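Please look over the sequence and the structure before reading on.

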Amino acid sequence: MSEPARDRLRSDQQATARRLAALEREHSGIVEAAGQSNADDEHDPEGATIAFEREHLIALIGQAREHLAEIEAASRRLDDGSYGSCSRCGQPIGAPRLAARPTAATCIGCAVARR
């Protein structure tokens, strides 16, 4: 299970890093364009839309960074041999759950109970 899981995590990490870089470029573009404009968000008809887009990108950037942290934690679990075991109850995390969500740290039972 170790190598296929490591490959999935590596692939997910690369895709997430690319997505994060694209989101950060897009955010920088919006900030730069706003800085070059004399428009006032409060009085500009486009201001609310631009502000929403900027905040939406900030949220997506945060989610991508969080996902990278989850990938790093899963990689550490692979290294220390705890990958595939629930961090709450110690039971095995089902293969279908790990296939769908390679960063999962809990079994489905604990994940549902946590909500």
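## Secondary structure

Helices (H or I, at least four residues) and strands (E, at least two) are DSSP runs, numbered from the N terminus. Read in that way along the sequence, the chain has the pattern α-α-α-α. The totals are four helices and zero strands.

The model is a predicted one: local features need pLDDT of at least 70, side-chain atom pairs count only at pLDDT 80 or more, and totals for chains, interfaces and linings use all residues. Residues are numbered from 1 along each chain as its sequence is written, and side-chain values use heavy atoms, with hydrogens and water left out.

## Surface and contacts

Burial is judged by relative accessible area: buried means under 20%, exposed over 50%, and partly exposed in between (1.4 Å probe, protein chains only). By that rule, 27% of the 115 residues of the chain count as buried. Accessible areas come from the Shrake-Rupley method with a 1.4 Å probe, and for residues only the protein chains shown count as cover. The chain exposes about 7,600 Å², and carbon and sulfur atoms supply 52% of that area.

A contact means heavy atoms within 4.5 Å. Among the contacts in the chain with a separation of 6 or more, 59% come from residues 24 or more positions apart. A separate distance between C-alpha atoms concerns P4 and A99: these residues are 95 residues apart along the chain, and their C-alpha atoms are separated by 9.7 Å. P4 lies in helix α1 and is partly exposed, at 45% relative accessibility.

## Nonpolar core

A nonpolar core is a set of buried Ala, Val, Leu, Ile, Met, Phe, Trp, Tyr and Cys residues joined through side-chain atoms within 4.5 Å. The largest one has 19 residues, of which L9 and Y83 touch the most other members. Helices α1 (2-36) and α2 (47-80) each supply at least two residues of this core. The most comes from α2, which gives seven residues.

## Salt bridges

Side chains of opposite charge can pair when their charged atoms come close. A salt bridge here is a side-chain nitrogen of Lys or Arg within 4 Å of a carboxyl oxygen of Asp or Glu, and the structure holds four. Which residues are linked in a network of salt bridges? The network consists of E3, R6 and D79. R6 meets E3 at 3.9 Å, N to O; these two residues are three apart in helix α1, so about one helical turn separates them. R6 also forms a salt bridge with D79, where the closest N and O atoms are 3.2 Å apart. This second pair links distant parts of the chain, with D79 in helix α2 and R6 in helix α1, 73 residues apart.

Another salt bridge joins R10 and D7, with the closest N and O atoms 3.1 Å apart. Because R10 and D7 are three residues apart in helix α1, they are separated by about one helical turn. R10 counts as partly exposed at 39% relative accessibility, and D7 counts as partly exposed at 41%.

## A buried arginine

R77 has its place in helix α2. For charge, Lys and Arg count as positive and Asp and Glu as negative, while His and the chain ends are not counted. Although buried, R77 has no salt bridge, and the nearest side chain of opposite charge, D80, is 6.9 Å away. Leaving aside residues up to four places away in sequence, R77 touches S82, Y83, T103, A104 and A105.

## Cysteines

A disulfide is a covalent bond between the sulfur atoms of two cysteines. The rule used is a pair of cysteine sulfur atoms within 2.5 Å, and the count by this rule comes to zero disulfides. C86 is in no disulfide, the nearest cysteine sulfur being that of C110, 3.7 Å away. C86 is buried, with a relative accessible area of 5%.
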